[in-house]
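User: I have a structure open and would like to learn how to read its features one at a time. Could you walk me through it?

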Amino acid sequence: MHPAPIWVGTSWKMNKGPAAAIEAARALAAFTPPEGVTPFVVPPFTSLKDVCAILHDTPVLTGAQNTHWEDAGAWTGEISPAMLAECGADLVEIGHSERRAHFGETDWTVNLKVHAVLRHGMRPLVCIGDSAQEHDFGVTRDVLARQIRIALHGVSPARMARVLVAYEPIWAIGTGGRAAEAGFVADIHASLRAVLVQIAGEQAGRNVPLLYGGSVTRDNARTYTRLENIDGVFVGRAAWNVTDFVQLIRSVAA
Ligand SMILES: O=C(CO)[C@H](O)COP(=O)(O)O
């Protein structure tokens, strides 16, 4: 069902200072992932360069949690895609709901960032999601289609090969979130796949990995990844501990 790989990633969000991040990266560097699984970690900016260096010659990819869209300039407090590429980042998370809710991220800035990341040869990991209200009103598909169409506007089919998309229902994320039912996610991903095919054409649209995130654990990860159009999982709390992350990765391959 899966042409491979299955993507299993974790964002450490605002956890792990440089010492803890380096320790975690060293532990991950000693791990050989099962065949067919591509793991990735997304550390805070303060340890990105170190984590990239430690994981450079390993199968574990490293990402950044955000980026600006300009390469340089008077943007106090921001980090540019050129800087992330120089640090060695493989991918860049864009549009997480926490950034949309608290830091003014919009579909428009997500699109600018997608192009910036692609320009620098990294993979954009575009996060999209519906709120609890949107879900209850039955407009999840419309909301996600709008987010994905704007996020990927102007991306050529050739560049689409580097794009990853994560569907993360806001109501499923974090403490108090409830994991979405796998069948629901498979249905939503099928409609996202149709949108991707419309945007990018049959081949490019089919090849974009679609990840699910939101209260994923070692116990439910494989329930998602065994389904069609669910090409991986994006995990928070249940993978911040390296041992837990490794066990979760193994559970997906089992
Ligand atoms: O982005 C996420 C994964 O890194 C997402 O927010 C899920 O968090 P979780 O509910 O703690 O798994």
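Analyst: Gladly! Let's begin with how residues are sorted by class: Ala, Val, Leu, Ile, Met, Phe, Trp, Tyr, Cys and Pro count as nonpolar, Asp, Glu, Lys and Arg as charged, and the others, Gly among them, as polar. By that scheme, the shell around the ligand has five nonpolar, nine polar and two charged residues. Please keep in mind that this is a predicted model, in which local features need pLDDT of at least 70, side-chain atom pairs count only at pLDDT 80 or more, and totals for chains, interfaces and linings use all residues. Numbering starts from 1 along each chain, following the sequence as written.

User: Which of the 16 residues around the ligand come nearest?

Analyst: A residue is near a molecule or strand if its C-beta atom, placed from the backbone, lies within 6 Å of it. Here Ser11, Ile173, Gly213, Gly236 and Arg237 come nearest. Two strands, β1 (6–11) and β8 (232–235), each supply at least two residues of the shell. Such names come from DSSP runs, numbered from the N terminus: helices are H or I runs of at least four residues, and strands are E runs of at least two.

User: What span should the twelve residues of helix α7 have?

Analyst: The expected span of a helix is 1.5 Å times one less than its number of residues. For α7 (residues 140–151) that gives 16 Å, and its end C-alpha atoms are 16 Å apart, which agrees. Helix α5 (107–119) has 13 residues and reaches 19 Å from its first C-alpha to its last, close to the 18 Å expected.

User: Which residues of α7 are buried?

Analyst: A residue is buried if 20 or more other C-beta atoms lie within 10 Å of its own, exposed if 12 or fewer, and partly exposed in between, with C-beta atoms placed from the backbone. In α7, the buried ones are Thr140, Leu144, Gln147, Ile148 and Ala151. Seen down the axis, they fall within an arc of 90° (taken from the directions from the helix axis to the C-beta atoms), so they line one face of the helix. Their cover includes α5, β5 (123–128), α6 (132–136), β6 (164–167) and α9 (182–200).

User: Why does Ile148 count as buried?

Analyst: Ile148 is buried because 22 other C-beta atoms lie within 10 Å. Two residues are in contact if their C-beta atoms, placed from the backbone, lie within 7 Å. Leaving aside neighbours within four places in sequence, Ile148 is in contact with Ile128, Val165, Leu192 and Val195. The C-alpha atoms of Ile148 and Val126 are separated by 8.2 Å, although these two are 22 residues apart along the chain.

User: How many bridges join β5 to β6?

Analyst: Two strands pair if DSSP finds at least two bridges between them. Four bridges join β5 to β6, and the two run parallel. Across that pairing, Cys127 stands opposite Ala166 and Ile128 opposite Tyr167.

User: How many residues of β5 are buried?

Analyst: Five of its six, and β5 is mostly covered. In β6, Leu164 and Ala166 point one way and Val165 and Tyr167 the other way, and all are buried.
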